[in-house]
Amino acid sequence: MNILLKNTLWIAVAVLGASAVSGIALNRGEPINALWFITAALCVYAIGYRFYAAWIATTVLMVDETRATPAERLENGSDFVPTNKWIVFGHHFAAIAGPGPLVGPTLAAQFGYLPGTLWILFGAVLGGCVQDMVTLFLSTRRDAKSLGQMARDELGALGGTAALIATFAIMIILIAVLGLVVVNAMKHSPWATFTVSATIPIAMIVGVYMRYIRVGQVLEASALGVVLLLLAVAGGRVIDESATLRVLFDHEGLTLAWWVMAYGFAAAILPVWLLLAPRDYLSTYMKLGTITLLAVAIILLQPDVKMPAITQFIDGTGPIFGGKLFPFVFITIACGAISGFHALIASGTTPKLLTNERDIRMIGYGGMLLESFVAVMAMIAATVLDPGVFFAINSSAGVVGKEAVDAVAKISSWGYPVTVEQMQLLAQQMGEATLFARTGGAPSLAVGMASIFGSAFGQSMLALWYHFAIMFEAIFILTTLDAGTRVGRFMLQDILGNKWAAMGQTSWLPSVIFTSAVVVSAWGYFLYIGVIDPNGGVNILWPLFGIANQMLAAIALCVATGILVKSDKGKFAFITGAPLLWLIIITSTAAWQKLTSDDIRIGFLAAANDLSSKLTAGLLPPDKAAIAPKLIFNFQLDAVLTVFFVCLLWLIVFDMVRVCVRYFMGKPIPALTESPHIPSRLVEDWVRD
Amino acid sequence: MFKSIKFFWQAIRQLSGDDAYERYLIHYAQHHSADGEPLSKKAFFKQWQDEKWRGVKRCC
């Protein structure tokens with residue numbers, strides 16, 4: 001293309017992007033069309049990808065397309081396989097995109113649509129995408145080594161151990177909070193409970209089908225599974241309308257929590273082919289299909305965003321979780337802006353498939369851009385609801401009161417009018433008994449998605465769309481729960497195996513049962529506390545998860561910054577150093593506030609002290625007094641965990657700085673472990689042809 | 001048009017692992033033809049599934 005035309009085009013993209021971003025930023029009081037968000041996102045992504053990512057790839061990383069990748073050099077036909085870049089992109093995206101980018105933005109919408117949206121856009125372009133891309137590059141240059149191994153080799157033993165502990169801790173908290181989201185979505189909802197439970201036998205049918213009936217016919221089996229899932233969504237209505245059947249699926253949160261734990265334990269022990277693998281197929285198709293459908297529906301329908309740009313809750317008094325805009329919006333939205341967990345996929349798994357280094361930009365940077373886009377859509381789905389309805393669904397009974405009348409009065413007094421009739425009508429349309437205090441993000445996202453799908457594809461099926469959305473979220477939350485419990489089990493077996501060899505055998509039944517039980521009890525504990533907590537539990541667990549996930553991102557960025565400095569690229573170290581600095585600031589501030597704040601909705605210790613003084617003074621009603629000691633212990637435990645995470649973060653930061661300082665002073669440091677340059681035969685062949 | 005549909009279908013088959021055995025047979029014929037017979041479809045699929053689920057494969 002003509003250079004002049006190209007430049008004009010990019011200037012047009014920049015102008016359009018800038019006007020869309022300022023449009024959503026400066027709009028006050030009027031509803032704003034969701035297309036502005038989509039436009040702003042696409043322009044910001046295009047510019048980030050075309051200019052920043054391209055500059056990083058060519059100038060900083062200096063990707064070399066003539067260099068053989070691990071997939072080519074170590075090809076073995078099973079895990080190291082040179083693969084078409086679109087296929088690698090598909091695998092990479094399916095692996096990184098989970099429920100995180102859906103839940104985080106929904107919760108952060110309590111600050112208004114603007115803070116979350118800006119953080120999702122700019123956090124991704126300048127932070128998250130860079131982290132994923134650089135980690136993918138570094139691992140590709142190091143025989144597809146994992147993040148933990150790279151940390152150990154390049155920084156020292158401390159980094160490796162920190163990465164291992166951080167991964168384990170995140171897994172536990174992540175599973176607990178996701179379990180809580182599912183439990184809250186199923187609580188006293190026979191339809192949702194039936195549909196979610198039906199996904200388990202359906203996965204097993206699919207597993208048996210492709211293992212024994214039609215061996216290896218993955219697509220055929222998955223198609224069968226998808227049809228059965230849709231039938232399960234529709235079948236839930238029959239259960240819901242039948243007086244005898246509905247009691248079987250109508251349960252308290254606590255009962256459901258025990259079932260989720262029993263399920264997690266079974267899933268960690270059962271063979272992979274029976275439950276985990278088929279469930280993963282189904283959740284991947286559902287995820288990709290529903291996200292595409294949502295994008296199409298938003299573009300077709302162009303709904304208006306009714307939430308204000310900024311709400312009064314930026315002062316820290318928000319009903320969904322306590323804490324000021326800074327730093328908590330950055331903690332609440334981790335996945336979608338920057339997620340440390342991605343570094344585990346970008347090292348170890350994806351580089352084994354990469355055919356050529358030139359695709360690192362598209363897969364690493366581009367994959368994260370797509371996840372960020374999912375987060376923008378979740379933000380849209382949450383903010384197209386009337387703000388009053390949004391707060392009524394997401395505020396726990398502990399904050400707005402148990403009775404519907406009290407809740408609507410309180411929420412309306414904030415300036416977000418809502419009525420009991422409106423909520424009843426909505427619940428009836430969605431096929432639920434009530435939508436008050438359905439915390440965790442999933443129900444409000446499902447209502448948002450149902451209203452978007454309903455308006456775009458037919459209003460009559462609102463209840464079906466609602467339960468479809470719940471099923472869609474639950475199925476990949478349960479996949480994360482299965483996969484996470486199993487990974488936790490393997491990690492624990494690995495650690496114990498160092499002391500006692502038999503425990504390290506991943507197939508020795510006593511070891512399998514023992515380690516699975518330990519992992520399930522660890523997350524089960526937090527799930528249990530979350531369910532009995534009158535304030536909903538998500539408000540405690542989600543920030544803890546955010547801090548842990550951002551800490552893992554900080555570890556990945558430390559490894560990357562350290563390697564850049566060691567490779568004589570110190571002047572470019574800001575590409576990972578700047579996001580790292582930002583993460584250190586927000587995680588340390590958030591942790592500090594979580595520990596020292598006097599506000600009982602923010603400070604763990606303040607909450608513990610407040611509750612214990614009320615307990616000793618006899619001010620609590622008997623039901624609350626009974627659970628108070630458990631809640632007090634949990635607050636103290638959460639405080640200890642927060643201290644632990646922050647210490648780990650600072651340790652690894654100091655270790656990285658130590659290596660960099662020694663490098664500048666010319667003292668000995670761990671050598672670079674980059675594998676030698678071997679020319680790629682794939683490229684040579686291509687040139688010769 | 002037909003070509004792009006074909007590419008799309010192949011991409012779906014490869015992403016899902018539907019054609020994993022076919023690709024294995026091709027790889028085997030190219031690299032290990034001296035080592036005897038390749039695995040049966042059933043044995044291969046079992047091994048493939050077990051391998052796929054080792055380590056961190058899914059994220060939040």
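In the predicted model, the secondary structure of chain B consists of three helices and zero strands, and its elements follow the order α-α-α from the N terminus. The C-alpha atoms of this chain occupy a box of roughly 40 × 35 × 20 Å along the principal axes. The radius of gyration of chain B is 15 Å, whereas a compact globule of 60 residues would have a value near 10 Å. Of the 60 residues in chain B, 18% are buried.

The contact between the two chains was examined next. Chain A contributes 35 residues and chain B contributes 24 residues. On the side of chain A that touches chain B, two or more residues are given by each of helix H4 (85-96), helix H10 (218-241), helix H13 (276-301), helix H15 (342-346) and helix H22 (462-499) of chain A. The largest share of this side, six residues, is supplied by H4(A). Classification of the residues on the side of chain A that touches chain B gives 20 nonpolar, 14 polar and one charged.

The largest nonpolar core comprises 235 residues, and those with the most contacts inside it are Ile173(A), Val177(A), Val182(A), Leu541(A), Ala548(A) and Ile555(A). Helix H24 (residues 538-566) of chain A gives the most to this core, with 21 residues. When neighbours within four places in sequence are left aside, Ile555(A) is in contact with Ala151(A), Ala162(A), Ala163(A), Ala166(A), Gly340(A) and Ile652(A). Another core, of seven residues, lies apart from the largest one and includes Phe604(A), Ala608(A), Phe635(A) and Ala639(A).

Two of these residues, Phe604(A) and Ala608(A), are also among the buried residues of helix H26(A), together with Ala607(A) and Leu611(A). Just after H26(A), Gly618(A) adopts a positive phi of about 70°.

Technical notes
Residues numbered from 1 in each chain as written. Chains lettered and ligands numbered in written order. Predicted model: local features only at pLDDT ≥ 70, side-chain atom pairs only at ≥ 80, totals over all residues. Buried ≥ 20, exposed ≤ 12 C-beta atoms within 10 Å, placed from the backbone. Helix = DSSP H or I, 4+ residues; strand = E, 2+ residues; numbered from the N terminus. Contact = placed C-beta atoms within 7 Å. Nonpolar A, V, L, I, M, F, W, Y, C, P; charged D, E, K, R; others polar. Rg over C-alpha atoms; globule rule 2.2 N^0.38 Å. Core = buried A, V, L, I, M, F, W, Y, C linked by C-beta atoms within 7 Å.
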